[in-house]
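Thanks for asking me to look over this model. My comments follow as numbered points, starting with the packing and ending with the surface.

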Amino acid sequence: MMAMPSMLNGTSFDPGSTRLILPSDDHSAMLWDADSGKPASEPVKCNGAVTAAAFSADGKRFLVASADGLLRLGEGASGKLVGNPLKHPAGLSDACFDSTG
């Protein structure tokens, strides 16, 4: 059974519905294995509440948006972050990929 943080800010499944990412107010997002209910990676840590998360259309990447104004890109399979976060001057409330990923 999955242990959930105190406040979730949505849920995003990968296209195959095998993984999900849970953004939360505890300043983290967690990638989970949907079949086992166990964490699939270490948490993505942020300096503010994680307000949104989304998988790319092919499931190879995910985005994490947070109240600290940073947009983080990660690998869908490993949960590892890719490159440096993109900075926005204000907190972010949503994240999405275009249809091409």
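**Notes on the predicted model**

1. The largest nonpolar core is made of ten residues: Ile-21, Ala-29, Leu-31, Val-44, Cys-46, Val-50, Ala-53, Phe-55, Phe-62 and Val-64. A nonpolar core here is a set of buried Ala, Val, Leu, Ile, Met, Phe, Trp, Tyr and Cys residues joined through side-chain atoms within 4.5 Å; buried stands for under 20% relative accessible area, exposed for over 50%, and partly exposed for the range in between (1.4 Å probe, protein chains only). Two or more residues of this core come from each of E3, strand E5 (50–55) and E6. The largest share, three residues, is given by E5. Apart from this core lies another, of six residues, including Ala-52, Leu-63, Ala-65 and Phe-97. The element names follow DSSP runs, numbered from the N terminus: helices (H or I) need at least four residues and strands (E) at least two.

2. A word on provenance: this is a predicted model, in which local features need pLDDT of at least 70 and side-chain atom pairs count only at pLDDT 80 or more, while totals for chains, interfaces and linings use all residues. Residues are numbered from 1 along each chain as its sequence is written, and side-chain values use heavy atoms, with hydrogens and water left out. The chain averages a pLDDT (the predictor's confidence in each residue, from 0 to 100) of 89, and 93% of the residues score at least 70.

3. Two strands count as paired if DSSP finds at least two bridges between them.

4. Strand E2 (residues 19–24) and strand E3 (residues 28–33) run antiparallel and are joined by six bridges. Arg-19 faces Asp-33 in E3, and Ser-24 stands opposite Ser-28. The E2–E3 hairpin has three residues between its strands, and His-27 in the turn shows a positive phi of about 70°. E3 is mostly covered, with five of its six residues buried. On to E4, E3 pairs in the antiparallel sense over two bridges, and Ala-29 stands opposite Val-44.

5. E6 and E7 also run antiparallel, joined by five bridges, with Ala-65 opposite Leu-71. Their hairpin has three residues between the strands, and Gly-69 takes a positive phi near 85°. E7 has a covered face of Leu-70, Arg-72 and Gly-74, and an uncovered one of Leu-71, Leu-73 and Glu-75. Two bridges join E7 to E8, again antiparallel; the bridge partner of Leu-70 in E8 is Lys-87.

6. Please have a look at the charged pair. The structure holds one salt bridge (a side-chain nitrogen of Lys or Arg within 4 Å of a carboxyl oxygen of Asp or Glu). Arg-72 forms a salt bridge with Asp-68, with 3.1 Å between the closest N and O atoms, and both residues are buried. Asp-68 sits in the loop between strand E6 (61–66) and strand E7 (70–75), at a relative accessible area of 15%. The Asp-68 side chain also reaches the backbone nitrogen of Asn-47 at 2.9 Å.

7. Ser-66, in strand E6, has 0% relative accessibility and therefore counts as buried. The side chains of Ser-66 and Arg-72 are joined by a polar contact of 3.1 Å. Such a contact is a pair of N or O atoms within 3.5 Å; within protein, one must be able to donate a hydrogen and the other to accept it, and residues adjacent in sequence count only if both atoms are side-chain atoms.

8. Finally, is Ser-99 buried or exposed? Ser-99, in the segment after strand E8 (86–87), is exposed, with a relative accessible area of 70%. Ser-99 and Ala-57 are 42 residues apart in sequence and 6.4 Å apart in space, C-alpha to C-alpha.
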